[in-house]
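Some labels in a structural description rest on a cut-off or a rule. The questions below ask what stands behind them.

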Amino acid sequence: IFVKTVWEEGNSNNGNKWTTLEHKGPLFPPEYEPLPNNVTFFYNGNPVKLSLAAEEVATFYAKMLDHEYTTKSSFQENFFTDWREEMTVEEREQIKKLSKCDFTHINKYFLEKSEEKKAMTKEQKQVLKEENNKLTEEYGFCELDGHREKIGNFRVEPPGLFRGRGEHPKMGKLKKRIQPEEITINCSKGSNIPVAPKGHKWRKVQHDNTVTWLASWVENVQGNFKYVMLNPSSKLKGEKDWQKYEVARKLKLKVETIRRQYRDDWKNREMKTRQRGVALYFIDKLALRAGNEKEESETADTVGCCSLRVEHITLHQEKGGQEFMVEFDFLGKDSIRYYNEVPVEGRVFKNLKLFMENKDPEDDLFDRINTTYLNKHLNQSMPGLTAKVFRTFNASTTLQEQLNKLTTADMSLEEKLLSYNRANRAVAILCNHQRAAPKTFEKSMQNLQDKVTGICMNGKTESVVKRLEEQLKKLQLQMTDREENKVIALGTSKLNYLDPRISVAWCRKFNVPIEKIYNKTQRDKFAWAIDMTEEDFQF
DNA sequence: TGGAGCACTTAGAATGGTTGAT
DNA sequence: ATCAACCATTCTAAGTGCTCCA
């Protein structure tokens, strides 16, 4: 049973995350396996036998030949620069232009290899699976405060070419192989210290119980920290998750006051305060992200609320019969496009005009504020409140509202589930969750269309035609969602924002089995909510 | 007060596995 | 039995926000 009192009483545990922690350390990817002699790389039409290091990097590129990445010039340039660093002096002397490199033979080799793997017998696949299970059993768990807990990512990330999202300036750079000498191990003092691979030692072994990670290293492309951490099903993560929803729940009690306050700020004599008021309004109304500053030219050019630039919004005094329209068009997290036309209050509109006065398109819209300032202000309104809490709060509130609106007791199970899906859809739209349309999208449309016409012509039964037409309609519906070949995602990301207690309560109220809405992984993650008693329910 | 460093959550793509239609 | 569509899982990039230091 989930013990929430740990947090409520405590907070007094001085920020300690655990008392004892024991694990086996991370699992390293297999060594590089050299290509067979009959698989060749060609330069300028001539076969070239590469050194081991250069060959490995070449295979990273060769494996991606069919991917869009390899058509992008910055990917090609970054790859080629980093590849040349791995070459011997002689190789570097010889291989000077990527356009003269021919990886197709290597590419074909890997395609064949994956075909072979697919064609393996059931038994062979089973053996492979067993081996994998054994590794998971050994490395995939740790012992934290006497409990066996699942680890989220126990494998060290294998080397490869960096796949940044959107127009990332570093795409294609070589992500180097991590050595044990670069890894810091975190575990408790008296525990069995993980053993480094033969002939190696760890960078460092530490015993810091104020952090939750088991191992860490610094990645070479962007210099970011990487961590081995626990699975969401663990108690440690579950408590943190619960805590997040508790803050959102507290906001419910305060939100009207906060809204009144930021509306007041719109008429403040200080520009800074006005900007704060309008930014908060966007964060609240549109569920925008906070928008921290980012290192220019080190990352893709994406923004959130505080980092919006003048060029990202267009003001329309009147549009589509509505007054005071703001048109948003910018790239957000993961370079997902945010496009929205929103009617706003006259005061907001006037303020936006003011903020944009005498500025260039590339100037900051909210030039007097940043996320730190905003969060400091929010924290004064309510302890623990930050910009991101609004996303959790508004997503959860939307789900609850939609569920109330769309579900009735007399519905069949199927109808109830449809309502649930629709409610989730509303949240996905609010949070602008999108994913790439499946590559097979166009094709499957065409296939279906062909089938329908084919059957009609053959005079098959009406019911078959009807069923197919329904499928087609469904696809077409998805089609209308499409914007820049993205579709509204009903995937897993929404689960980060929706208080599971809302869903659990809904299931109980309408007699829907929990496994209809949560799969195994989700049930593990939300075990704390599923086990809860009635009084904990109301969001 | 601002920036670097660090730890943690959130995110879509890729991959892998299952299912259901043919 | 096959194959594609669907769904779950894995992977790791890309955010948020706090702390520490000058």
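Predicted model: local features only at pLDDT ≥ 70, side-chain atom pairs only at ≥ 80, totals over all residues.

Q: How do you know that the length of helix H8 agrees with its number of residues?
A: Helix H8 covers residues 271-286, which is 16 residues. The expected span is 1.5 Å times one less than the number of residues, so H8 should span 22 Å. Its end C-alpha atoms are 22 Å apart, and therefore the two values agree.

Q: What makes residues of H8 count as buried, and which are they?
A: A residue is called buried because 20 or more other C-beta atoms lie within 10 Å of its own. In H8 that label goes to Arg 274, Gln 275, Arg 276, Gly 277, Val 278, Ala 279, Leu 280, Tyr 281, Phe 282, Ile 283 and Leu 286.

Q: What covers the buried residues of H8?
A: The cover includes helices H7, H9 (346-356), H10 and H11, together with strand E15 (337-343).

Q: How many of the residues of chain A count as buried?
A: By the cut-off of 20 or more C-beta atoms within 10 Å, 26% of the 539 residues of chain A are buried.

Q: What makes a residue count as near DNA strand B, and which are the closest?
A: The C-beta atom has to lie within 6 Å of the strand. For DNA strand B, 25 residues surround it, and the closest are Val 211, Thr 212, Arg 435, Ala 436 and Ser 493. Strand E12 (225-228), helix H7 (235-265) and strand E16 (434-436) each give two or more residues to this surface. By class, the surface near DNA strand B has 10 nonpolar, 7 polar and 8 charged residues.

Q: Which residues come nearest to DNA strand C, and which helices supply at least two residues of the surface near it?
A: Of the 35 residues around DNA strand C, the nearest are Arg 289, Ala 290, Thr 386, Lys 388 and Thr 521. Helices H10 (371-381), H11 (387-406), H13 (441-458) and H16 (520-525) each supply at least two residues of that surface. By class, the surface near DNA strand C has 5 nonpolar, 18 polar and 12 charged residues.

Q: Where does UniProt place the feature "coiled-coil region", and what is the chain like over residues 111-138?
A: The unreviewed UniProt entry places the feature at residues 111-138 and 458-485. Over residues 111-138 the chain is 89% helix and 0% strand, with its end C-alpha atoms 31 Å apart.

Definitions and conventions:
Residues numbered from 1 in each chain as written. Chains lettered and ligands numbered in written order. Helix = DSSP H or I, 4+ residues; strand = E, 2+ residues; numbered from the N terminus. Nonpolar A, V, L, I, M, F, W, Y, C, P; charged D, E, K, R; others polar. UniProt positions renumbered as here; feature names shortened; annotations may be inferred. Buried ≥ 20, exposed ≤ 12 C-beta atoms within 10 Å, placed from the backbone. Contact = placed C-beta atoms within 7 Å.
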